[in-house]
Amino acid sequence: ALPISAPWRVVLIIGIPSAAAFLIATIIRRWAPGAGGANLARVRRAYGQDPNVLDARTVTATFFLTPVSLGSGAPLGPEGPIVVVSSGLAAGLARLMRLPRRMVRGMIPVGTAAGIAAIFNAPITGVVFALEEVLGTAEKGVLGGAVVAAVAAAVVERALLGGHPILPAPAATWSDVR
């Protein structure tokens, strides 16, 4: 790798995140205005008011623009984008099967539980997260679906990755007392 001089380093550190933010904002504003804003808040709004908040454009924009955002240095937590994508896919499948609106709405926390269970390899955490962050209560019909979805997602994740983490973290060492 070629060493980059100090002035160019500053330009790149400022320029790359700025260009990525401009690109993301332009795409969202023109193609998927529903994808702007906080991810979890959008999922809560979809569950509480209108499941159509998680439309195909919003889910697609979140899926493709999240790596661009993370790659440019934006501090996104892993649960935000996965919650939008998994909830949106679950609600979209329910719409595709022409299920009643209340069932489409009920698929939102089911997708949330599956997404969290898969990304963290923690099915119980997926269910608790869906109950706590999306539902706010334990609705009998949705709770069973969330449990089944979370366990199925964890089984699929383990089958695909063999129980190994996607991004293994090296052991931390202390080399300086400061």
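Predicted model: local features only at pLDDT ≥ 70, side-chain atom pairs only at ≥ 80, totals over all residues.
Let's begin with the whole chain. The protein contains seven helices and zero strands, so if you follow the sequence from one end to the other you read the pattern α-α-α-α-α-α-α. Of the 178 residues in the protein, 33% are buried. Among the contacts with a separation of 6 or more, 65% are between residues 24 or more positions apart.

Now to how the helices meet. Two packed helices are described by the angle between their axes and the distance between the axes. Take helix 2 (residues 39–48) and helix 4 (residues 79–96): their axes come within 8 Å and cross at roughly 30°. Because angles under 35 degrees count as roughly parallel, helix 2 is roughly parallel to helix 4. The crossing of this pair is left-handed. On the helix 2 side the contact is made by N39, L40, R42 and V43, and on the helix 4 side by G80, P81, V83, V84 and S87. Sorted by class, that contact of helix 2 with helix 4 has five nonpolar, three polar and one charged residues.

Helix 5 and helix 6 make another pair to look at. These two pack at an angle of about 140°, with their axes 7 Å apart, which makes helix 5 oblique to helix 6. Their crossing is right-handed. Helix 5 brings I108, P109, T112, A113, I116 and A117 to the contact, while helix 6 brings P123, T125, G126, V127, F129, A130, V134 and L135. By class, the contact of helix 5 with helix 6 has 11 nonpolar, three polar and no charged residues.

Some of these residues turn up again in the interior. In soluble globular proteins, nonpolar side chains tend to be buried together. Here the largest nonpolar core has 27 residues, and V43, L54 and I108 touch the most other members. Helix 2, helix 4, helix 5 (101–120), helix 6 (123–135) and helix 7 (140–161) each supply at least two residues of this core. Which helix gives the most to this core? That is helix 5, with seven residues.

Leaving aside neighbours within four places in sequence, L54 is in contact with R42, V43, A46, V59, V84, S87, G88, R95 and I108. V43 and I108, the other two residues that touch the most members of the core, are both among these partners of L54.

L23 sits in helix 1 (residues 6–31). Its relative accessible area is 42%, so L23 is partly exposed. The C-alpha atoms of L23 and S69 are 9.6 Å apart, although the two residues are separated by 46 residues along the chain. A152, in turn, has its place in helix 7. With a relative accessible area of 40%, A152 is partly exposed. From the C-alpha atom of A152 to that of T62 the separation is 23 Å, and the pair is 90 residues apart along the chain.

Conventions. Residues numbered from 1 in each chain as written. Heavy atoms only, no water. Axes fitted to C-alpha atoms, helices over the stretch in contact; angles between N-to-C directions. Helix = DSSP H or I, 4+ residues; strand = E, 2+ residues; numbered from the N terminus. Parallel < 35°, antiparallel > 145°, perpendicular 65-115°, else oblique. Left-handed = near helix turned anticlockwise from the far one by under 90°. Contact = heavy atoms within 4.5 Å. Nonpolar A, V, L, I, M, F, W, Y, C, P; charged D, E, K, R; others polar. Core = buried A, V, L, I, M, F, W, Y, C linked by side-chain atoms within 4.5 Å. Buried < 20%, exposed > 50% of the residue type's maximum accessible area, 1.4 Å probe, protein only.
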